[in-house]
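Here is a dialogue on reading helix packing and pockets.

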Amino acid sequence: MNTSKPQFEMHARFRNGVFLLAILLFGSVLLYYFYPKTRVSKENFVELTKFQHQIDSLKQIVGEEKKVYKLKPFNPNFISDHKGYQLGLSATALDRLAAYRNQGKWINSVSDFKNVTKVSDSLLVTISPLFKFPEWVKNSNTKRKNAKKKYPIVSYNKKEDLNTATAEQLREKVNVPDFIAQRIVNYRNKIGGFVDDIQLKDVSGLYEIQRQKMRSLFTVKTPKAVTKVNINTASVDELIEVPYFDFEMVLEIRDYIKNKGSISSFEELEKINGFSLEKIDRITLYLTLD
């Protein structure tokens, strides 16, 4: 009689337990694939979207609160209504500035701005560090500061002609280095002769104190003959004769006049791309507006 049992025979209760576990697993799989996808995941997505919008709104608010508008240095002679609003200037202060400028006058210092606009000291302290004056104004202010320095005072008749002086004369009388004295003569020859003493500013390496001493002993007695041309009607060939203009700048000037109309003041040239008012006091020796 064969009494051996099958190797894989399992008890009936055990089989029922395995079957029940299989049913539970199968039901869990069905629940995972159908129920979350059709209902729960959509609700979660909506909630996450609302939460993300709230985060983005908070970030925008914080960013606006931290945002600080930074103004760049500017010439206080050219303050538009919009810039005045940004600076905190009142309409009355802007009107005073406009009336002053319409008289052909210029703001050349912080004290000038204060006297004209009547702004408060607290506002002036805030905005004055942003003032940017042309280099020729700075040089003029430096000259006034050095006014107490005395140089030999020579009458016009005893002064030597700056247009005929030799490099040796300049070196001996003003005590400038040889290469600076020669540089003055070379520049004078390049422009065909000085029109005015102020053109010594164009000589590179000549310090203000040396220029003042030179002007106390020399002056332009035989200025170069110049026929001023109207910048609004001058041709390209006429403008290129101005020592301070190159060909590209002449084209920029002509294009500006063509697009914007006639130039009413030399200071308006600052609006032209690449133009600086630093040499405007010498440029006007060659040009006119009418």
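This is a predicted model: local features need pLDDT of at least 70, side-chain atom pairs count only at pLDDT 80 or more; totals for chains, interfaces and linings use all residues.

Q: How do helix 7 and helix 8 pack?
A: Two packed helices are described by the angle between their axes and the distance between the axes. Here helix 7 (residues 167–174) and helix 8 (residues 178–190) have axes 8 Å apart, at an angle of about 130 degrees. That makes helix 7 oblique to helix 8. Angles under 35 degrees count as roughly parallel, over 145 as roughly antiparallel, 65 to 115 as roughly perpendicular and the rest as oblique. Helices are DSSP runs (H or I, at least four residues) numbered from the N terminus; axes are lines fitted to C-alpha atoms over the stretch in contact, with angles from 0 to 180 degrees between N-to-C directions.

Q: Which residues of helix 7 and helix 8 meet?
A: A167, L170 and R171 of helix 7 meet D178, A181, Q182, I184 and V185 of helix 8, where contact means heavy atoms within 4.5 Å. By class, this contact of helix 7 with helix 8 has five nonpolar, one polar and two charged residues. Ala, Val, Leu, Ile, Met, Phe, Trp, Tyr, Cys and Pro count as nonpolar, Asp, Glu, Lys and Arg as charged, and the others, Gly among them, as polar.

Q: At what angle do helix 7 and helix 9 cross?
A: The axes of helix 7 and helix 9 (residues 208–217) cross at roughly 110 degrees and come within 10 Å. Helix 7 and helix 9 are therefore roughly perpendicular to each other. L170, K173 and V174 of helix 7 make the contact with Q210, K213, M214 and L217 of helix 9.

Q: Where do helix 3 and helix 4 touch?
A: The axes of helix 3 and helix 4 (residues 110–117) cross at roughly 110 degrees and come within 8 Å. On helix 3 the contact uses A93, R96, L97 and Y100; on helix 4, F113, V116 and T117. The contact of helix 3 with helix 4 divides into five nonpolar residues, one polar and one charged.

Q: Which helix gives the largest share of the lining of the second largest pocket?
A: Helix 3 (residues 91–102) does, with six residues. The lining as a whole divides into five nonpolar, five polar and six charged residues.

Technical notes: Residues are numbered from 1 along each chain as its sequence is written. Side-chain values use heavy atoms; hydrogens and water are left out. Helices (H or I, at least four residues) and strands (E, at least two) are DSSP runs, numbered from the N terminus.
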